[in-house]
Amino acid sequence: MRLDKFLKVSRIIKRRPVAKLVCDNKKIKINGKVVKSSSAVKENDILEIEYFNRYIKAKIVTVPSGNVGKADASDLIEIMETKKIITNDEDLVREDSLEDL
């Protein structure tokens, strides 16, 4: 199964176009390697995902042949680690601060 499809089916990312966008921005690794959205996933692969302000490391337990129900989606992965990613607010420029220039 394609990585973007798996992310949607497992409900890690709710929509497939968003999953593709995250993959295209090189925010997802399989077994330590940056991958494209079209990459195939297999059982026992380790996913590392940086998604907005979160970091998720998970092991793929089962790869379904199609869509699965909401209740069964949590059985597809085993969460190994989660972290909150802290961004440096000084790097962000607020629009109202530009008026002072």
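Predicted model: local features only at pLDDT ≥ 70, side-chain atom pairs only at ≥ 80, totals over all residues.
**Entry 1**

Residues are numbered from 1 along each chain as its sequence is written, and side-chain values use heavy atoms, with hydrogens and water left out.

I looked up the partner of arginine 16 and found a salt bridge with aspartate 4, with 3.4 Å between the closest N and O atoms. A salt bridge here is a side-chain nitrogen of Lys or Arg within 4 Å of a carboxyl oxygen of Asp or Glu. Arginine 16 lies in helix α2 and aspartate 4 in helix α1, so the pair ties together parts 12 residues apart in sequence. Helices (H or I, at least four residues) and strands (E, at least two) are DSSP runs, numbered from the N terminus. Aspartate 4 is buried, at a relative accessible area of 2%.

**Entry 2. The other salt bridges**

I found five salt bridges in the structure. One of them joins the side chains of lysine 27 and glutamate 50, at 3.9 Å from N to O. Lysine 27 sits in the loop between α2 and β1 and glutamate 50 in strand β3, so I recorded a link between distant parts of the chain, 23 residues apart. Lysine 27 is partly exposed at 37%, and glutamate 50 is partly exposed at 36%.

I also noted lysine 83 with glutamate 81, at 3.6 Å from N to O. Lysine 83 has a relative accessible area of 47% and glutamate 81 one of 30%. Salt bridges with shared partners join Arg2, Asp4 and Arg16 into one network.

**Entry 3. Helix α2**

Which residues of helix α2 are buried? In this helix, residues 16-24, I found Ala19, Val22 and Cys23. Seen down the axis of α2, the buried residues fall within an arc of 100°, so they line one face of the helix; the arc is taken from the directions from the helix axis to the C-beta atoms. An α-helix has 3.6 residues a turn, so residues three or four places apart point the same way.

On the other side of α2, I found Pro17 and Leu21 exposed. The buried residues pack against α1 (3-9), β1 (28-30) and β3 (46-51), contact meaning heavy atoms within 4.5 Å. Just after α2, I noted a positive phi of about 60° at lysine 26.

Note on methods
Buried < 20%, exposed > 50% of the residue type's maximum accessible area, 1.4 Å probe, protein only.
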